Amino acid sequence: MTDPAEATHRPELGVLSAMAHGETEQGATIAGAVLPALQGLDDERARFYYELLHNSLNEAARRALEAMMKGYEYQSDFAKKYVAQGRIEEAARALLTVLRARGIAVPDAARERIVAQKDPERLERWLEQAATAGTLTDVLDEPS
């Protein structure tokens, strides 16, 4: 399935098409047709279908799809939500990596606090502080 309109009407068939042909030269074309169809689905189903789609593509098709999307500004709330969520998760991972590399121990409670943080500006502040801080308290404690 390479027609976005058809994929919008029958997203399950589009995902099945990607699963069957994602490893072929048509993989990126199929994915490009199916991705817009996922925007109209409920979050849980869209995430599940996206995972199936992504995992069905060969490396070249994944790269081609990513190249097509570079600089693309997401229009749907669904896509914006998950892009933002991915950026927040990446910032938390980066913070934990910097702390580990600097030899600063992170107890489980602090790790959970970092991973649960949803404010990207706060995560960015913590990451900046982690670059020079001597202790975890210097990173996570907010000035009063």
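## Helix 2 against helix 3

In this predicted model, the axes of helix 2 and helix 3 come within 9 Å and cross at roughly 160°. An angle over 145° counts as roughly antiparallel, and helix 2 and helix 3 are therefore described that way. If you look at how one passes the other, helix 2 crosses helix 3 in a left-handed sense.

Which residues make this contact? On the side of helix 2 they are Pro11, Gly14, Val15, Ser17, Ala18 and His21, and on the side of helix 3 they are Gly27, Ile30, Val34 and Ala37.

Serine 17 is a handy place to begin exploring helix 2, which covers residues 11–21. Is serine 17 buried or exposed? Its relative accessibility is 10%, and because buried means under 20%, serine 17 counts as buried.

Setting aside neighbours within four places in sequence, serine 17 touches Met1, Gly22 and Ile30.

## Helix 3 and its surroundings

Helix 3 takes in residues 27–38, twelve residues in total. From its first C-alpha to its last, helix 3 reaches 16 Å, close to the 16 Å expected at 1.5 Å a residue.

How many of the twelve residues of helix 3 are buried? Nine are, so helix 3 is largely enclosed by the rest of the structure. The buried ones are Gly27, Ala28, Ile30, Ala31, Ala33, Val34, Leu35, Ala37 and Leu38.

## Helix 4 meets both neighbours

Helix 3 also packs with helix 4, at an angle of about 170° and with their axes 10 Å apart. That makes helix 3 roughly antiparallel to helix 4. Here Ala31, Val34, Leu35 and Leu38 of helix 3 meet Ala46, Tyr49, Tyr50 and Leu53 of helix 4.

Helix 4 (residues 43–56) has helix 2 as a partner too: their axes come within 8 Å and cross at roughly 25°. Helix 2 and helix 4 are therefore roughly parallel to each other, and helix 2 passes helix 4 in a left-handed crossing. From helix 2, Pro11, Glu12, Val15, Ala18 and Met19 take part, facing Arg45, Tyr49, Leu52, Leu53 and Ser56 from helix 4. You will find Tyr49 and Leu53 of helix 4 in the contact with helix 3 and in the contact with helix 2.

Asparagine 58 counts as buried, with a relative accessibility of 17%.

Where does asparagine 58 make its contacts? Apart from neighbours within four places in sequence, asparagine 58 is in contact with Gly22, Glu23 and Thr24. Gly22 is also touched by serine 17. Glycine 27 is 31 residues from asparagine 58 in sequence, yet their C-alpha atoms are 7.4 Å apart in space.

## The whole chain

Stepping back, the protein chain has nine helices and zero strands. From the N terminus on, its elements run α-α-α-α-α-α-α-α-α.

Of the chain's 144 residues, 33% count as buried. The accessible surface is about 9,100 Å², and carbon and sulfur atoms account for 53% of it. Among contacts with a separation of 6 or more, 62% are between residues 24 or more positions apart.

Methods: Residues numbered from 1 in each chain as written. Predicted model: local features only at pLDDT ≥ 70, side-chain atom pairs only at ≥ 80, totals over all residues. Heavy atoms only, no water. Helix = DSSP H or I, 4+ residues; strand = E, 2+ residues; numbered from the N terminus. Buried < 20%, exposed > 50% of the residue type's maximum accessible area, 1.4 Å probe, protein only. Contact = heavy atoms within 4.5 Å. Expected span 1.5 Å × (residues − 1). Areas by Shrake-Rupley, 256 points an atom, 1.4 Å probe, with all protein chains shown as cover. Axes fitted to C-alpha atoms, helices over the stretch in contact; angles between N-to-C directions. Parallel < 35°, antiparallel > 145°, perpendicular 65-115°, else oblique. Left-handed = near helix turned anticlockwise from the far one by under 90°.
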